[in-house]
Amino acid sequence: MGVFYMLKECRHVFKLDPAKDITDEALAKICESETDAIIVGGTDGITEDNVLNLMARVRRFSVPVALEVTSTEAVVPGFDHYFIPAVFNTKDIRWQHGLMLQALAEYSHLIDYSEMSLLPYIIMNEECKAFEKSDAERVTHEMVPHYINMLDKLYQTSYIYIEYSGTYGDPEVMRMVRDNAAHSHVIYGGGIGGRDEAREMAQYADTIVVGNVIYDSTKKALRTIIK
Ligand SMILES: CC(C)=CCC/C(C)=C/CC/C(C)=C/CC/C(C)=C/CC/C(C)=C/CC/C(C)=C/CC/C(C)=C/COP(=O)(O)OP(=O)(O)O
Ligand SMILES: O=P(O)(O)OC[C@@H](O)CO
Ligand SMILES: [Mg+2]
């Protein structure tokens, strides 16, 4: 499955966390919904077993499913695509490309680049686990256009992921992102819990990602699919 189908064609994606429990009934509703794709990923407690288990359960449905790789110990074959996160608002180069390079060297015999894409992150929510884990630094409003121009115009990355994981983002920030991103496909994730929030962020982002609300209420999660 091509990279373009996986995200560039997606307006709405559900992100499922292998470390969290979900019933068969709820999973069926999520996978049979009108979402465009499922991404399996999370920061803590990700193991080969829970990734394999979730992939097998999602595979019963026809929705495309990708793995966001956050640990080399939990990469399993069989996904449609693999996203490799890289945090750009960190001073610790390991989280931008250090660990990635190490993994590429160690597993070079297993790597098929046609099924992998870089997912450049700007992590905005200072309270989220990914911010802490990657030793990220605060991005002020003034710096937002500069980050976007760096990724969009200099690196010309395929994607830019604006991550507010766990909290709803600032529409003003997203407006700046949209106004400055000419080339990169913009992904927004964080705190979307209903239709209005999904609509608002979908004005600024090419793809919206919905995660945590799935584990609060399937009904609410399904309302975030706006077509
Ligand atoms: C079979 C097959 C395909 C084999 C391939 C072989 C192989 C092992 C390839 C490895 C490929 C590779 C290059 C891997 C690199 C892995 C790596 C260590 C990358 C670094 C990851 C990283 C930057 C982590 C920092 C945290 C982060 C940005 C996570 C991204 C996901 C995210 C933002 C989650 C949001 O947090 P969440 O957990 O949802 O928070 P809550 O719990 O609060 O909701
Ligand atoms: O879990 P939420 O807050 O919906 O965020 C979605 C996604 O961006 C997490 O990586
Ligand atoms: Mg999460």
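1. Thr-43, Pro-77, Leu-99, Ala-103 and Ala-130 come nearest among the 34 residues around ligand 1, a residue being near when its C-beta atom, placed from the backbone, lies within 6 Å of the molecule. Two or more residues of this shell are given by each of β4 (81-87), α4 (98-106) and α5 (129-133); helices (H or I, at least four residues) and strands (E, at least two) are DSSP runs, numbered from the N terminus.

2. The model is predicted: local features need pLDDT of at least 70 and side-chain atom pairs pLDDT 80 or more, while totals for chains, interfaces and linings use all residues. Residues are numbered from 1 along each chain as its sequence is written, and chains are lettered from A and ligands numbered from 1 in the order in which they are written.

3. Helix α7 (residues 171-180) has Met-174, Val-177 and Asn-180 as its buried residues (20 or more other C-beta atoms within 10 Å of the residue's own; exposed means 12 or fewer, partly exposed in between; C-beta atoms are placed from the backbone). Because they cover an arc of only 135° around the axis, they lie on the same side of α7; the arc is that of the directions from the helix axis to the C-beta atoms. Exposed Glu-172 and Asp-179 sit on the face turned away from that buried side.

4. Lys-133 belongs to helix α5. Lys-133 counts as partly exposed because it has 15 C-beta neighbours inside 10 Å. Its C-alpha atom is separated by 30 Å from that of Gln-203, 70 residues apart along the chain.
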